[in-house]
Amino acid sequence: MNIAIPFAKGHGTGNDFLLLDDPENLLDLTPADTISLCDRRTGIGADGVLRLVRCAATPEASAMAADAEWFMDYRNADGSLGAMCGNGARVLARYLTASGRHRGGDLALATRAGVRHLHVPDGPDAHFGDVSISMGHPAFPGPDRVNVTVGAQRWPALHVNVGNPHAVVIVNDLDDAGTLATAPKVRPAYAYPYGVTVEFVRDLGSRHLVLRVHERGVGETPSCGTGAVAAVAAVLHYGPGTEGPVRYTVDAPGGRLLVDVAADGSMTLTGPAHVVAQGSISLHTHRPPLEPGERGLQRTAYGIPSPALLARADRGLCRLTELHGGLDTLEAGR
């Protein structure tokens, strides 16, 4: 069955995302769907999927409904769930402005890491411009001895959590990280039971950092918002005490991000977020034979038949079509 759903495409310093507009939580998105959508040859292509849902419409975020209207359901390109994404949250805020749901200014957004507060400045173009997000206080959960290996090289790393897990390595040359075609080896394995994003960071002095990132569930990415915050946290952790407020410039292959460190150690991430296209996309699913008494749409995950029958999928996808007027127009280049 061919199912058309509304989408937008956006990026923050080259870290790109597919946004699925599902305010009433009517779309059951499987890992296989996410993988298909993020494929850069057979899908739209993205580092991850951001599903926009009202907090009140999903049990996962209903407890945050008093503090935020919208929930960011983030999925990595490999289909795994993500708790937090700094660039993704900023792109989602920009989409809310571009779609007329937010007039600009302050915005509360619910994530699996809790409510985050963003600011979308007024500007002539609702589809493009800087967006800031308060990232809170980085945590250092340990263990103390984490190491990262690429080829024959091995470095000590710092475990930093900013809503998602990072291993930060300070290097003299970013080329030491190699091609990052495969994930660096991180030990001990128990430190990151659900995988880890690895940053290779060079400190240029004068509060200026450059980095490369191998993102959990994605691979090397042009930029990582939470990674930029984790890099600043690691440099401050290793270095002499610094009294805030201070600002760090963090350059990644995809562009420049700014990290402001307040006097209490909390951090704010700022950088460009751009909505580049809107339209509809088809999910190619199939309906296998049902056992007697079974109803609903059954899909597969990673090519393996799932035993779970998604009973509300048919109703939900039909309702999505009604909400978005047939989904047969494409708006690109906005």
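**Notebook: backbone, cavity and core**

I began at Asn 25, which sits in the loop between β2 (15–21) and α1 (31–38). I work here with a predicted model, in which local features need pLDDT of at least 70 and side-chain atom pairs count only at pLDDT 80 or more, while totals for chains, interfaces and linings use all residues. Residues are numbered from 1 along each chain as its sequence is written, and side-chain values use heavy atoms, with hydrogens and water left out. Helices (H or I, at least four residues) and strands (E, at least two) are DSSP runs numbered from the N terminus.

**Entry 1: backbone angles.** I noted a positive phi near 60° for Asn 25, a residue other than glycine. Asn 25 counts as buried at 7% relative accessibility; buried means under 20% relative accessible area, exposed over 50%, and partly exposed in between (1.4 Å probe, protein chains only). Arg 207, also not a glycine, has a positive phi of about 55°. I placed Arg 207 in the loop between β13 and β14 (208–215), and at 40% relative accessibility Arg 207 is partly exposed.

I then looked up cis peptide bonds. One runs from Gly 142 to Pro 143, with omega near 5°, and Pro 143 belongs to the loop between β8 (128–136) and β9 (146–150). Another joins Arg 187 and Pro 188, with omega about 0°; Pro 188 is in the loop between β12 (185–187) and β13 (197–203).

**Entry 2: the cavity.** My search of the whole structure gave one cavity of 30 Å³ or more. On a 1 Å grid over the protein atoms alone, a cavity is a set of points where a 1.4 Å probe fits but cannot get out, and lining residues have an atom within 4 Å of a point. Grid points are joined across faces, edges and corners, and a volume is the space filled by probe spheres set on the points. The largest cavity has a volume of about 70 Å³. Its lining includes Tyr 74, Ala 83, Met 84, Thr 197, Arg 216 and Cys 224.

Entry 3: I found His 166 in strand β11 (residues 165–170), buried with a relative accessible area of 0%. Among the residues that His 166 touches, beyond four places in sequence, are Tyr 192, Thr 197, Cys 224 and Thr 226; contact means heavy atoms within 4.5 Å. The C-alpha atoms of His 166 and Arg 216 are separated by 9.0 Å, at 50 residues apart along the chain.

Gly 163 lies in the loop between β10 (153–161) and β11 and is partly exposed at 22% relative accessibility. Setting aside neighbours within four places in sequence, I recorded contacts of Gly 163 with Ala 83, Met 84, Ala 113 and Arg 116. Gly 163 and Ala 83 are 6.3 Å apart, C-alpha to C-alpha, and 80 residues apart in sequence.

**Entry 4: helix α2 and the cores.** Just after α2, Gly 100 has a positive phi of about 85°.

The largest nonpolar core has 51 residues, and Met 72, Leu 209 and Val 232 are among those touching the most other members. A nonpolar core is a set of buried Ala, Val, Leu, Ile, Met, Phe, Trp, Tyr and Cys residues joined through side-chain atoms within 4.5 Å. Helix α3 (residues 225–238) gives the most to this core, with eight residues. Apart from this core lies another, of 18 residues, including Ala 177 and Tyr 192.

Notes. On a 1 Å grid over the protein atoms alone, a cavity is a set of points where a 1.4 Å probe fits but cannot get out, and a pocket is an open set with protein on both sides within 12 Å along at least five of seven lines; lining residues have an atom within 4 Å of a point.
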